[in-house]
Every structure is written in C-alpha cells, then in structure tokens.
Amino acid sequence: MAQVTSATGTGSLRRATARTAVTRRGRRGRQGRANGWRITPWLFLLTPLALLATFTYVPVGNMFLYSVTSWDGLDPALEFIGLANYVEIFTRPELFRVFYVSLYYVAASVVQMALALYFATILSFSTRFRNVFKGILFFPYLVNGVAIGFVFLYFFQPDGTLDTVLHAVGLGDLSRHWLGDPDMVNISLAGTSVWRFMGLNFVLFLGAIQSIPGELYEASELDGANRWHQFRYIIAPGIKRIISLSFILAISGSLSVFEIPFIMTGGANGSTTFVIQTVEMAFTHRKVGLASAMAVVLLLIVLIVTWIQRRLIPDDEVNLT
Amino acid sequence: MKKSTARAAGALSAATLMLLGACGTGGGSGDAETSGEPEEISGSITVLTQRTDIVDTVFADYADRFNEVYPDVEVNFEAITDYEGEVTIRMNTEDYGDVLLIPNTVARDQLPLFFEPLGTVDELSADYRFVQEQSFEGNGYGIAITGNASGILYNKRVWAEAGVTEVPTSHEEFIAALHAIADNTDAIPYYTNYADGWPMSQWESLHAFTGDPDADNVLARTDAPWAEGEEHYQIDSLLYDIVAEGLSEPDPLTTNWEESKTLIGSGQVATMVLGSWAIVQMQQAAEDAGFSADDIGYMPFPSQVDGVSYSTIGGDYKQGINVHSDNIPAARAWIEWFTNESGYAFDEGGVSPMVDGPEPTTLGDFEPLGVQYVELNPPPAGEETLLSDIRTTSEIDLGGNVYRQRLVDIARGAADGDMASYFEELNTRWADARAQVG
C-alpha cells in the first residue's frame, strides 16, 4: 500500500514537474537552437528522471509483477499464475465489504471540510487573536500520526480523558466504550482523523481565501452585502478549485485510510480498512502476490473515483470579475 | 524489545521430538565439536538480534567473553526492533548478517535456500533440544537461543484472596476460579491484551496440553480442529467463555502490554495466558510495583489426562548461519559459544536449549503439580510444509491474532454469531484449505 500511496501521492507532483518541464523546455529550446545544444535540457533532467524512475516507476512496476505471481515475500523463485489473484479478489466479496468502513471516513471528511471552511472564512476576516487560533487549528497536523494514535488510545480508554470530561460536565450518561463498542469504533476513529487533518484543509482554504483581492470585499460592502453574501458570492466561487481538489484528496484518502485505525485498533473490532486488510494479507498470511493485486485494485478504484469526480465537477477557470 | 522477545515466544508452535519427563541430566558432552581450533578462526561476523534492549550491555559482554576464546574474531551486532518484518525483507538480498535468528515465516522447504545446514538432526539432537523445529529433510538449520514452556501466568496473592487455593484442572474449575476472583476481589480476573494483538497468539502455544507430541501432525490431518473435544475447541472455548461471562477487562480495545505488566504485578489483574518467558518480566514488574516477585505464579492449561497436566516446551528463535556468509567457521563458533557458554537461556529464565543444560528456576511451580513437559514431533517426511500451507490458505492465523481477536469480539457481543457458528466457519475454512493444499 505504501507503493500505492507513493504512486498516487507523487501523481500530482509528477504532473507539476511535467508542467514545469514543458515550460522550461520551451524557453531553453529557443536558446538551444541558438547554441546547438539540444541535449542540454535532457542532461539536466537526467538526475530527476533517474530518481523518478527508481523510486516511482520501478516499485510500481514490481507491484504489478508481484500481483501476477503467488509470491510469499521470501521465496527466490516467482511463480507466475496469471490473473488468478485478480480473479480471487473479485470472487471474494468479503474483501470488498471493508469499503463500507470507508463510508465513515467519507462522511467524516465532509464534516472536516465544512469545519475547515468555516474556520478559514472566519479567520480570514479580522478576528481577535486570529493568529493564535490559526496556530491552534493547524497544530494537530504537525503531530506525528503514531503519537496521535497513542494519545487518543488513552483519550478513549474507559474512564480516560473523554469520559472524565463528560462526567465533569454532567454528560456522564453519554460515556461508552469508544473503541470497544462496534457501533462506535469507526466514528471514534474517523473523529480522530478529522481532528488530525482538519488543520491541513484549513490552511489550504485560508491561503486560497487570502489570495482573493481585498477590494472585492470593500466593493461588495458598498453594495450592501453581508458576511454570508460575501462568502456565498465571493469566497466560495473564488476558492472553488481548491475545494474540489480537497474533495478529491479526501475521497481517495477515505478509500485508503490506514495509519490511525492501524495504530489504534490494528483493524480489530470491525475497523479494518482495505489497506489494513492488504497489509494483513501480505504480512500475516504471507500472500504478497494477492496483496499486490489488492493494491493494484485499490489504485484503480482511486483513479476511477477521481476521474468520476473530475467529470462531475468540471475544472472551470475562476473568474471573479 | 521486550515485545519482540514475546513475539519469538509465539513461535512455540513449531514442532519437535521427544517426550521429556522432568527433563534432566542426560548424557552427552556439552561441548559440540567446533569446525576448527579457536586460534585458526578469524575474521569478522555480523550477528542480528531482536534484543534492542540489551544489545549494548549484555551482548557486548558476550562479545568480550567470546573474544577470550576466539581472539581473532570481530563480532558486530545489529539489533532490529521489528525483527520479523525487517529481516524477511532483507532476506531477498544476500546481506542479512552472518548469524541471524531464523524468522518464523520461513517455511521449512525454504530453509536450505537461506541457511547453512548445521548438521543432521540426529547428530545435533545429541547435544541440543528443539533442533527439529527448524529442520528439513533430516538437516538442522538453527539452534534455539532459549526455550519456553507454555502455561498460564497468575497473581497468587489475588487468587488466594479470592479463596482459590487449588490450581484448577478443568475448564469448569478455571471459570469458577475466575468468577470467585470477580466476586471476592477488585481485580480483573483475566486480561486479554487484545489491543496489542500478539499476546493473543500465546493461546496457541498451549496446544499439545493433552500430552500428545504429535498434536501438530494430528492438526494437519484433521478436517475439524474446532469440533467438540479437539484441542483447539478446548483452548478457544476457554477464551470464549472467559470473555462471554464478563471475566475479562471491560474494554479490550484499549489494553496496553507495558501497562499489563504493572497491572498483574500489582494484583489489579489476576491472570494472563503467556509463555514462560514472561515470568521474569512479570516478577520484575511485581517488585517494581512494590510487591513480591513470589506473587507471580505459573500453572498449566486447566485440563488433565489421567490426572496429569502437560506443558508444551519449544524453542524460541533459533540462530542460523546465512548461506551467503563469507565466514561460516566463525559464525558457527559464535552459535556454539552462545548456546553452550553464554548462559543466555538461564539468565532469561528459559528452558535450556542444551540437552544437559541447567533447569530454569522460573518453572518451580510446575514441580509440586507434577506437570509433564511435551516436545512436539516433527512433521513426517513429505509433509514438512503441510500445516503452514493449510494455515496460509485458510487465512486462519493460528500463531497470530486476527482469528482470536474475532473470537473475543463474538464472545463480547461485538460481532455477529456465537461460538458454535464461528467454530463451524473455522472448521469449514480449515477443511476447504486442506482440500486445496491436498
């Protein structure tokens, strides 16, 4: 799954590199013709391309290779079994049942985005202590995921922090086994995930909002617009692209949740996600071939979902004037 | 570190020879023949270990003592936290040290691909126990660093407080004892250590409690290991009943291994299923918590055959030699010195890997109970990988935590089904896998 993440993760990066490469070639191309050094840009590109191939394409290529074998992760000989792993995945519905867990994270990411947008909007206006609040909201994203996992394990323990606080404010009746209760566990985990990633969305939104020219607000105020109108007709359309990008990242993130549930519950009590299941298949059951095929399937699912989203939300140019 | 040791102990399930009585002072010289005179062996070797906690102290001292005998050998250690995971991946290259602990995931038929044979099983067995556990086609590939006995760890003070003075010898007596603890003390009767996962695998090491050294081979040939009366039925139904009757901790999802040591040491938890490797750690925890090390007791699985209780003993990790090593004589000299001279097994409170090694002091509780030790028989020729193949194909991780965590979930009502339906599912998956593996 690390391979999948890196493949999708570097996807946008790759596109960005490609784009700068194109513009650069245009410029240097003209220079190149003048000097007769057509090869020069390629020489400069040699190192990044070599790194790109070594760390992105070769591992992904290996993953595709393993996915058509019955490899156990150890044996020096790879036994080619064709598409048998893929057939197995699609004939075992229980392997897909775990995507049901992803729905909790999809729902959570909607909440996360709404909260981030709310805070970003409020803090983009002049609010008292706004820098302190920005810091507070962004800080969870800086804490490493393993530490968050452990902190929240104590937080959710019976008579742990959460229960103590609930009792203190007289809501003791709400207390339950936050992780032990099968109806609650995914909500608790998704909540942790919101706590962690909201800051990132917040910063992205805030940055986008601050790039909107200030005179637009002034002009709208003169026209009698209130804060809601400003949000609805200036901010929301102005940051549409970043919102749609965040949604794409959130949905593909929800399909491949791993860190928080893996650290906190190890996938027990019905909190297994597709990626945890893949890891289990590779390292507990020693079916690296099958696990690689599952990783490929997840990659394809993420690509398809992203494609559908792009079709549903066309990537228009933003025009505020 | 402590955790990795524990994982190693989970490997108890392998397989070995001989039924040992209160194993003893058998003949055979402790000194195995070395491949050369000490002066002739020279060079440098790298030893991989899972003991990140003592590599710079105890192991450094071992290297010094080793150098007194073999002055020309330089020993380097590499301590690895996630030993299983990292080493199995490194084994895809040729660079995985000269001496290493054979990972549990290596199937028997893969041993010759990665490890140097140390001799035939018959030769090695004259001096060492547990040789069969890492052997293929009559050759042994590793010598155990220490050995473990299986059983149930408990806090004697709490059990006595609850009024239980006799060690239970049946399922019903054990459950009744835990009920007494729940009713008469503040302690949690049983702690599953569910969240960390690996402690759940300790239940597997209890198998062969019927005293049958062929337990593993029987398991590989049965279609229904979870049918009533079978070993796995007895082991897993005990776990199921403990949880179903509310005798375990309230929220298993938030357990914590390091904390569990203090809990049992101080008597807030009464019982845990753990290998004998844990006794030393828990005694330490008891002392750290201000209680006595004598509070920690050890009992066999509550079941008797003709009035006798059995405890399976098996090797912990085995040291083997990288088949690509440039310095096999020195590597071999290290393994022999480590096993015969270092005293590692004794210091860890483990069963000695040497046939005539010293008795561990930690298993004193077993003596008055007359517990007999069982060492498992190896699989018959041609069936070396049968059991591991069935496990892999059925995706029932006997030595892991996935299927037992689900058992706990069902028992506490957090997953659908009941014991009967789950055991039936396990039987079906096992039988299907057996049919596929052939």
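Me: Thanks! What kind of model is this?
Reply: Residues are numbered from 1 along each chain as its sequence is written, while chains are lettered from A and ligands numbered from 1 in the order in which they are written. Side-chain values use heavy atoms, with hydrogens and water left out; local features need pLDDT of at least 70, side-chain atom pairs count only at pLDDT 80 or more, and totals for chains, interfaces and linings use all residues, as this is a predicted model.

Me: Back to that helix: what distance does H12 of chain B reach from its first C-alpha to its last?
Reply: H12 covers residues 328–340 of chain B, 13 residues in all. Of these 13 residues, 11 are buried, so the helix is largely enclosed by the rest of the structure. The expected span of a helix is 1.5 Å times one less than its number of residues. H12 of chain B comes close to its expected value, reaching 18 Å.

Me: How many residues apart are B:Asp223 and B:Arg434?
Reply: Their side chains meet in a salt bridge of 2.7 Å, N to O. The pair links distant parts of the chain: B:Asp223 is in the loop between helix H8 (215–221) and helix H9 (231–244), and B:Arg434 is in helix H17 (residues 419–437). B:Asp223 is partly exposed at 41%, as is B:Arg434 at 22%. Along chain B, their separation in residues is 211.

Me: How much area do chain B and chain A bury between them?
Reply: The contact, meaning heavy atoms within 4.5 Å, takes 24 residues from chain B and 28 residues from chain A. In chain B, B:Leu253, B:Thr254 and B:Glu395 lose the most area to chain A, together 27% of what that side buries. Buried area is the accessible area (1.4 Å probe) that two parts lose on being put together, summed over both. Here 56% lies on carbon and sulfur atoms, and the total is about 2100 Å².

Me: Which residue of chain A forms a salt bridge with B:Glu395?
Reply: Between chain B and chain A there are two salt bridges. B:Glu395 belongs to a network of salt bridges, with A:Glu88, A:Glu94 and A:Lys287 among the linked residues. Its closest N and O atoms are 2.8 Å apart in the bridge to A:Arg92.

Me: Is B:Val87 buried or exposed?
Reply: B:Val87 has its place in helix H3 (residues 83–90) of chain B. Leaving aside neighbours within four places in sequence, B:Val87 is in contact with B:Leu48, B:Ile80, B:Leu100 and B:Pro103. Its relative accessible area is 0%, so B:Val87 counts as buried.

Me: And over on chain A, what is the area of the nonpolar surface patch that includes A:Trp307?
Reply: A:Trp307 sits in helix H15 (residues 288–312) and is exposed at 52%. Patches are made of residues with over 30% relative accessible area and no salt bridge: like charges are joined within 9 Å, nonpolar side chains (Val, Leu, Ile, Met, Phe, Trp, Tyr) within 5 Å. Accessible areas come from the Shrake-Rupley method with a 1.4 Å probe; for residues, only the protein chains shown count as cover. Together with A:Leu300, A:Leu303, A:Ile304, A:Ile308, A:Leu312 and A:Ile313, A:Trp307 makes a patch of about 720 Å².

Me: Last one: how many helices does chain A have?
Reply: Buried residues make up 39% of the 321 residues in chain A. Its accessible surface comes to about 18100 Å², with 66% belonging to carbon and sulfur atoms. Chain A has zero strands, and its number of helices is 15.

Note on methods. A salt bridge is a side-chain nitrogen of Lys or Arg within 4 Å of a carboxyl oxygen of Asp or Glu. Helices (H or I, at least four residues) and strands (E, at least two) are DSSP runs, numbered from the N terminus. Buried means under 20% relative accessible area, exposed over 50%, partly exposed in between (1.4 Å probe, protein chains only).
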